[in-house]
Amino acid sequence: MLAKTKGMILKQRSIGENDRMLTVLTSDFGVIEVSARRAKSPKSPLSAATQLLAYSELCLFKGRQSYYILDSAECIHTFYSLRLDVVKLALAGYFCELSKTLSPSADTAWEFLRLLLNTLYLLQEDRLPADLLKAIFELRALSAAGFMPNLVGCSECGQFEAEEVCFFPLDGILICESCGAGTPMWKEDVLRVPLPPPVLSAMRHIIFSEPERMFRFQLTGNSLSRLCWVAQQYALLHTEGNFKSLEIYQSMKLPESTDRKENFPELGEKQRKNDDT
């Protein structure tokens, strides 16, 4: 049976001399594996459409095997200019790797694909700082995958606005300072991060806003640094991921970039034990 869909190539690996096995985020089926026969040949009509970061229209055949077979493909957009900047390429690779790890289902596939396409476009065009795009993608993708943090208010008293509020990344909750003394979590050695009002407002905007408004805000200085650090910690804790592309990105970006770890708390001893188990 043949099926048509659109999708982004998240990963490719060589099979023999001429074939490729692709990991594709599709608009209809979520993340799938696709066999692209003879796609490595320079003369193949499948070559451009099956490259990493290619957004393509695909015609797929599904037989008894667990993967799909690519019958034909037409490239819609290649994001070629991202390949000319190694830092941007590493960050784009992280977005793809995180999407593959979260593995959206068919129900949320289009939301994921639209998020990935919009983020890559803004990265390619330098519309927003790279680290801000990274934080937006992490929080929105995690939320779409079922890991949405509860940022409506303090988990104890329900207060929406408070002078001092802390975010607990592992549990994905807020606790205000007034309630903190009465909660066991406050006394335990668990990672918690104070969230200034601009950072909390930005996180709420990222998670709750309509897709067309998601990127329409500004954050600078220490507030941006804290947002980026919190978003990354939240993503790593809930995916238990070890992303090679993220390590490459962090090793290559400029020292003055936003997420300076020395400004923020490290994982507590109890948190580290939880991660080890």
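**Salt bridges, cores and surface of a predicted model**

Glu-138 and Lys-134 are four residues apart in helix 3, so about one helical turn separates them. Helices (H or I, at least four residues) and strands (E, at least two) are DSSP runs, numbered from the N terminus. The side chains of Glu-138 and Lys-134 meet in a salt bridge (3.3 Å, N to O), a term for a side-chain nitrogen of Lys or Arg within 4 Å of a carboxyl oxygen of Asp or Glu. Both Glu-138 and Lys-134 are buried; buried means under 20% relative accessible area, exposed over 50%, and partly exposed in between (1.4 Å probe, protein chains only).

The model is predicted: local features need pLDDT of at least 70, and side-chain atom pairs count only at pLDDT 80 or more, while totals for chains, interfaces and linings use all residues. Residues are numbered from 1 along each chain as its sequence is written, and side-chain values use heavy atoms, with hydrogens and water left out.

The structure holds five salt bridges. One of them joins the side chains of Glu-33 and Arg-13 (3.7 Å, N to O). Glu-33 lies in strand 3 (residues 30-36) and Arg-13 in strand 1, so the pair ties together parts that are 20 residues apart in sequence. Glu-33 counts as partly exposed at 28% relative accessibility, and Arg-13 is partly exposed with a relative accessible area of 39%. Another salt bridge links Asp-126 with Lys-88, the closest N and O atoms being 2.6 Å apart. Since Asp-126 lies in the loop between helix 2 and helix 3 and Lys-88 in helix 1, this pair ties together parts that are 38 residues apart in sequence. Asp-126 counts as exposed at 56% relative accessibility, whereas Lys-88 counts as buried at 14%.

The side chains of Thr-23 and Glu-33 make a polar contact at 2.8 Å. A polar contact is a pair of N or O atoms within 3.5 Å; within protein, one must be able to donate a hydrogen and the other to accept it, and residues adjacent in sequence count only if both atoms are side-chain atoms. Thr-23 is buried, with a relative accessible area of 1%. Leaving aside neighbours within four places in sequence, Thr-23 is in contact (heavy atoms within 4.5 Å) with residues including Met-8, Val-31, Ile-32 and Lys-100.

In soluble globular proteins, nonpolar side chains tend to be buried together. A nonpolar core is a set of buried Ala, Val, Leu, Ile, Met, Phe, Trp, Tyr and Cys residues joined through side-chain atoms within 4.5 Å. The largest such core has 63 residues, of which Met-8, Leu-120, Leu-195, Met-203 and Leu-227 touch the most other members. Among the elements that each supply at least two residues of this core are strand 1 (2-15), helix 1 (86-102), helix 2 (109-124) and helix 7 (221-239). A second, separate core of 15 residues includes Ile-32, Val-34, Ala-36 and Ala-39. Not counting residues up to four places away in sequence, Leu-120 touches Met-8, Leu-53, Phe-79, Leu-82, Ala-92 and Phe-95.

Met-148, in the loop between helix 3 and strand 6 (150-154), is partly exposed with a relative accessible area of 44%. Phe-61, found in strand 4 (residues 55-62), is partly exposed at 35%. Leaving aside neighbours within four places in sequence, Phe-61 is in contact with Met-1, Leu-2, Tyr-68 and Ile-69.
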